[in-house]
Amino acid sequence: MFWQTTRFCIDLAEPKVMGIVNVTPDSFSDGGRHGDAAGALAHCETLLAEGAHILDIGGESTRPGAAQVPLDEELRRVIPVVEGALKLGVPVSVDTVKPEVMRRALDAGADIVNDINALRLPGALEAVAAHPGCGVCLMHMRGDPATMQQRPAYDDVVLEVGDFLRERLAALRERGVTAERVVLDPGIGFGKSVQHNLDLLRRQRELLALGRPLLLGWSRKSTLGALTGRPVEQRLAASVAAALACVHRGARIVRVHDVAATADALKVWGAAGLGG
Ligand code: HH2
C-alpha cells in the first residue's frame with residue numbers, strides 16, 4: 001500500500017515513523033522545547049538521524065483544555081519550520097486545523113496536511129482539494145480540545161469512529177481528492193476514555209475495512225499513564241509498546257515523540273517476522 005503526497009509516494013510495505021515536531025510553548029509532553037524555528041529545525045535533524053521517515057510540524061497544542069492559537073501566531077511558528085524542513089529530503093506534514101495554515105504550508109511545498117479535525121472547519125476541505133497532490137491524514141475527534149474529555153460517550157466507539165472516517169473520506173473524494181492521498185487515524189485521546197482507546201486498539205483491525213492505511217498516535221498519551229501509573233516524562237517504554245501493538249494490529253504509520261526507540265523496536269519487530 002502507498003500514500004501519495006506532494007513530492008513522495010510513501011511505500012507502506014514497512015511501517016513508517018512520523019516524528020513529532022511541536023513548535024509550541026504548551027504541548028502536553030514537550031511544550032517549549034523547540035519554541036523557535038532554529039530549535040525546531042535542529043530537532044527535525046535529530047529526528048531524521050534517529051530514523052524518522054516523516055516529520056509532522058505543529059504550532060498549536062491540542063492537549064485537553066488547550067487554548068486556541070491565533071492564526072498569525074500559528075503561521076509565525078510553523079511556516080519557517082516547514083520551509084526549512086522541506087530541504088531535509090523527507091515528507092513534511094503540517095499538523096493544523098486552520099485552512100489558512102494549510103494553504104500557506106502547501107504553497108511553501110508541504111507534502112501532507114494532518115488535521116485532528118478531519119478538515120471540518122469551513123474552507124479546510126477546499127484548501128486540500130485545491131492542491132493537485134498533497135497527502136492528508138483525517139483524524140477522528142469527538143468535540144474539541146477544550147471540552148473533549150468531559151465524559152465522552154459512545155454506543156460502540158469503533159463503529160462510530162469508522163462511520164465518521166468513512167464519511168470524511170467520501171467528502172474528500174467528492175471534491176476530487178483521490179483515496180491514495182488519504183490515511184486515517186482513530187484519534188487516540190481525542191474525546192475518548194481509557195476504555196475507548198483500548199477498544200480502538202484491540203479492535204483496530206476493523207478499521208482496515210475502510211480500505212486506507214491507518215496512522216496511530218499513542219506516544220506518551222494519558223491512557224499510557226493510566227495503564228502504568230507513570231507521569232508523561234516516564235512513558236517511553238509504554239509508548240514503544242503501544243506503537244508495536246498498533247503496528248501488530250495493522251497500523252502503517254506511527255506518530256511518535258521518541259523516534260530512536262520506536263525505530264529500533266520496529267526494526268527488531270520486523271526482523272522477527274512479527275509484521276511490517
Ligand atoms: N495527537 C496529537 C496531535 N496531533 N495528529 C494525529 N494524526 N494523531 C494524533 O494522535 C495526534 C495528532 C497530540 O499530541 P502532541 O502533538 O504531542 O501534543 P500537543 O497536541 O499537546 O502538541
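The model is predicted. The largest nonpolar core has 70 residues. The disulfide count is 0.

**Ligand site**
- Aspartate 185 places a polar side-chain atom 2.6 Å from a ligand nitrogen atom.
- Lysine 221 has a polar side-chain atom 2.6 Å from an oxygen atom of the ligand.
- Glycine 217 uses its backbone: an N or O atom there lies 3.5 Å from a ligand oxygen atom.

- Leucine 119 touches Met102, Val113, Ala124, Leu125, Val128, Val136, Leu138, Arg168 and Leu172, leaving out residues up to four places away in sequence.
- Another core, of 10 residues, lies apart from the largest one. Its members include Trp3, Leu12, Met18 and Ile112.

**Aspartate 56**
- Aspartate 56 sits in strand S4 (residues 54-58).
- Its relative accessible area is 1%, so aspartate 56 is buried.
- The side chains of aspartate 56 and asparagine 114 form a polar contact of 3.0 Å.
- Beyond neighbours within four places in sequence, aspartate 56 contacts Met18, Gly19, Ile20, Val21, Ser93, Val94, Asp95, Asn114 and Arg255.

- Threonine 223 belongs to helix H7.
- Threonine 223 counts as buried because its relative accessible area is 3%.
- Setting aside residues up to four places away in sequence, threonine 223 touches Val194, Asn197, Leu198 and Trp218.
- Lysine 267 is part of helix H9.
- A relative accessible area of 61% makes lysine 267 exposed.
- Lysine 267 and isoleucine 10 are 257 residues apart along the chain. Their C-alpha atoms are separated by 18 Å.

**Helix H8**
- Helix H8 covers residues 236-248, 13 residues in total.
- At 1.5 Å a residue, H8 should span 18 Å, and this agrees with the 18 Å between its end C-alpha atoms.
- The buried residues in H8 are Ala238, Ser239, Val240, Ala242, Ala243, Leu244, Cys246 and Val247.
- Elements that cover these buried residues include helix H6 (194-202), strand S9 (215-216) and helix H7 (222-228). Strand S10 (253-256) and helix H9 (259-271) are also among them.
- Just after H8, glycine 250 adopts a positive phi of about 110°.

**Cysteines**
- The model contains 0 disulfides.
- Cysteine 9 is in no disulfide. The nearest cysteine sulfur, in cysteine 134, is 14 Å away.
- Cysteine 9 is partly exposed, since its relative accessible area is 44%.
- Why is the sulfur of cysteine 137 too far for a bond? The closest cysteine sulfur, in cysteine 134, is 12 Å away, whereas a disulfide needs the sulfur atoms within 2.5 Å.
- Cysteine 137 has 0% relative accessibility and therefore counts as buried.

Definitions and conventions
Residues are numbered from 1 along each chain as its sequence is written. This is a predicted model: local features need pLDDT of at least 70, side-chain atom pairs count only at pLDDT 80 or more; totals for chains, interfaces and linings use all residues. Side-chain values use heavy atoms; hydrogens and water are left out. Buried means under 20% relative accessible area, exposed over 50%, partly exposed in between (1.4 Å probe, protein chains only). Helices (H or I, at least four residues) and strands (E, at least two) are DSSP runs, numbered from the N terminus. The expected span of a helix is 1.5 Å times one less than its number of residues. Contact means heavy atoms within 4.5 Å. A nonpolar core is a set of buried Ala, Val, Leu, Ile, Met, Phe, Trp, Tyr and Cys residues joined through side-chain atoms within 4.5 Å. A polar contact is a pair of N or O atoms within 3.5 Å; within protein, one must be able to donate a hydrogen and the other to accept it, and residues adjacent in sequence count only if both atoms are side-chain atoms.
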